[in-house]
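Hi,

Here is the structure I promised to pass on. Have a look at it first, and then read my notes below.

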Amino acid sequence: MSTSIFDVLKERGYIAQCTNEDEVRKMLANEKVTFYIGFDPTADSLHVGHFLGLMVMAHMQRAGHRPICLVGGGTGTVGDPSGRTDMRKMLTDEDIEYNCNRFKEQMARFIDFSDDKALIVNNGDWLRKLNYIELLRDVGPHFTVNRMLTAECYKNRMEKGLTFLEFNYMIMQSYDFLELHRRYNLKLEMGGDDQWSNIIGGVELTRRKTGDAVYGLTFTLLTKSDGKKMGKTAGGALWLDKEKTPVYDFYQYWRNVDDADVEKCLALLTFLPMEEVHRLGSLQDAAINEAKKVLAYEVTKLVHGQEEADKAQAAAEAVFGGSGSNENMPTIQLTAENEGQKLLDILVGAQVFESKGEGRRLIKQNGLSLNDAKLADPDYVLTDGDFTDGEAIVRKGKKKFYRLVK
RNA sequence: GGGUAGGUGCCCGAGUGGUUAAAGGGAACGGACUGUAAAUCCGUCGCCGUAGGCUACGAUGGUUCGAAUCCAUCCCUGCCCA
């Protein structure tokens, strides 16, 4: 470990802020470091934002360090106010436990947990046992409210109202750091850049309580060149669970990123060597599609495995390249019930449209095709003639394709 | 607890008795253009539908021919005072 993983992370553009760059670089070069990233179980799947953190973890683990995935079974009950203008809805204990388990399954795809090379812990294990008075006396004196109030993460909420419940989030997260330091000699907390305030809190608390040198490091948030959050789709977040975001859609998301974001995404979301990343990123005009294909394939492969990535790629080729089979296209299986139904109703039933009105509108606007021919009649009923080898292709808009199978 | 300002469609935000399914902006969606990109332009953007109807402006009741707009009660939030 003579070269520091720090420089790798830096070169790939992960690093946003660090409590002490020189010392962290040195530490990561010279010793095996145990570090953690926290994930709050606010949904039943991880999404691309989390994926970025997992990439960081994977890089670190490959460099010989030991990741701890902290799932927030305790903090998740409170809700992190960072950067939010509204309060998170309260989750039940059952929700949180369920979500924690989903997280674990997904994480195992990226991180090697064998032989304790990485750990998953749940902060509910210690946070839930805390005694209020003891906690207050233990950590309370190390935080000043004045200081906390100036934290960037509360800024939005200072205008809209910050509850005491959420105000305590920082304390809990800080306590996690201290606890992990005590249990595992953990020395570094990482997180998205929006976690900076919370991470600082943990670093300072641990230093004050133990006198040990510990550090914090944040990574870039995945944003588009226009500053908006990346990974937003019409249906919300881009999930890592294929039940929530079909693999094909996942692939297409990356296939369609803005030109300006391709290089950054390749660096952050794949393990391709940086020379290759630069080469692909420097492609111009239509040629950059090549880079997008690589990006989509690589990211999909990491998240869903090679087999799924191949399928998604094949489906995309079939649709846009005009070759290959349709069998991996998003498919709608028709049933006897669909017999005689309007195509529109079938598509609404398959959630291609959210409502009939939306479908009608789309048809009126020339946005729906059946087997490559514009469909003008909203009341159209499928006939046998529409099917070739038992399947018909419906296109919604420019690039959403669905295969109807009898 | 007292005073005060608020709670409007996915988000921001106008609207203070009818012509308001509700201005404007953003997001989103469709079309044109293109490279399965961006930018731009045009269009759409509650639900069902031929007309027309239904549901909606924190909640519940009320006044009225008619309410997002007025009244009452309640819930929630900001700010000031205690």
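Let's start with Leu 70, which is found in strand S3 (residues 66–71); helices (H or I, at least four residues) and strands (E, at least two) are DSSP runs, numbered from the N terminus. Bear in mind that this is a predicted model, where local features need pLDDT of at least 70 and side-chain atom pairs count only at pLDDT 80 or more, while totals for chains, interfaces and linings use all residues. Residues are numbered from 1 along each chain as its sequence is written, chains are lettered from A and ligands numbered from 1 in the order in which they are written, and side-chain values use heavy atoms, with hydrogens and water left out.

Leu 70 is buried, at a relative accessible area of 3%. (Buried means under 20% relative accessible area, exposed over 50%, and partly exposed in between, with a 1.4 Å probe and protein chains only.) Leaving aside neighbours within four places in sequence, Leu 70 is in contact with Tyr 36, Ile 37, Gly 38, Phe 39, Val 121, Asn 123, Trp 126, Asp 176 and Leu 180, where contact means heavy atoms within 4.5 Å. From Leu 70 to Leu 178 it is 108 residues in sequence and 13 Å in space, C-alpha to C-alpha.

Thr 206 sits in helix H11 (residues 196–210) and is buried, with 0% relative accessibility.

Now the cysteines. How many disulfides does the count come to? It comes to 0, taking a disulfide as a pair of cysteine sulfur atoms within 2.5 Å. For Cys 69, the closest cysteine sulfur is in Cys 100, and at 12 Å that is too far for a bond. Cys 153 is in no disulfide either, as the nearest cysteine sulfur, that of Cys 18, is 19 Å away. Both are buried: Cys 69 has a relative accessible area of 0%, and Cys 153 has 5% relative accessibility.

On to a helix pair. Helix H12 (residues 247–255) and helix H15 (residues 288–304) have axes that come within 8 Å and cross at roughly 145°. Axes are lines fitted to C-alpha atoms, for helices over the stretch in contact, and angles run from 0 to 180 degrees between N-to-C directions. On the H12 side, Val 247, Phe 250, Tyr 251, Trp 254 and Arg 255 take part, and they meet H15 residues including Asn 289, Leu 295, Tyr 297 and Val 303. The residues of this contact divide into 9 nonpolar, 3 polar and 3 charged; Ala, Val, Leu, Ile, Met, Phe, Trp, Tyr, Cys and Pro count as nonpolar, Asp, Glu, Lys and Arg as charged, and the others, Gly among them, as polar. H12 is mostly covered, with 8 of its 9 residues buried.

Most residues other than glycine have a negative phi. Asp 116 has a positive phi, near 60°, and is in the loop between helix H4 (93–107) and strand S4 (119–122). Gln 351 also has a positive phi, of about 65°, in the loop between helix H17 (343–349) and helix H18 (356–364); Gln 351 is exposed, with a relative accessible area of 69%.

Finally, the domains: chain A is divided into domain 1 (5–219), domain 2 (232–321) and domain 3 (331–405), with bounds from an automatic or database domain assignment. The C-alpha centres of domain 2 and domain 3 lie 27 Å apart.

Cheers
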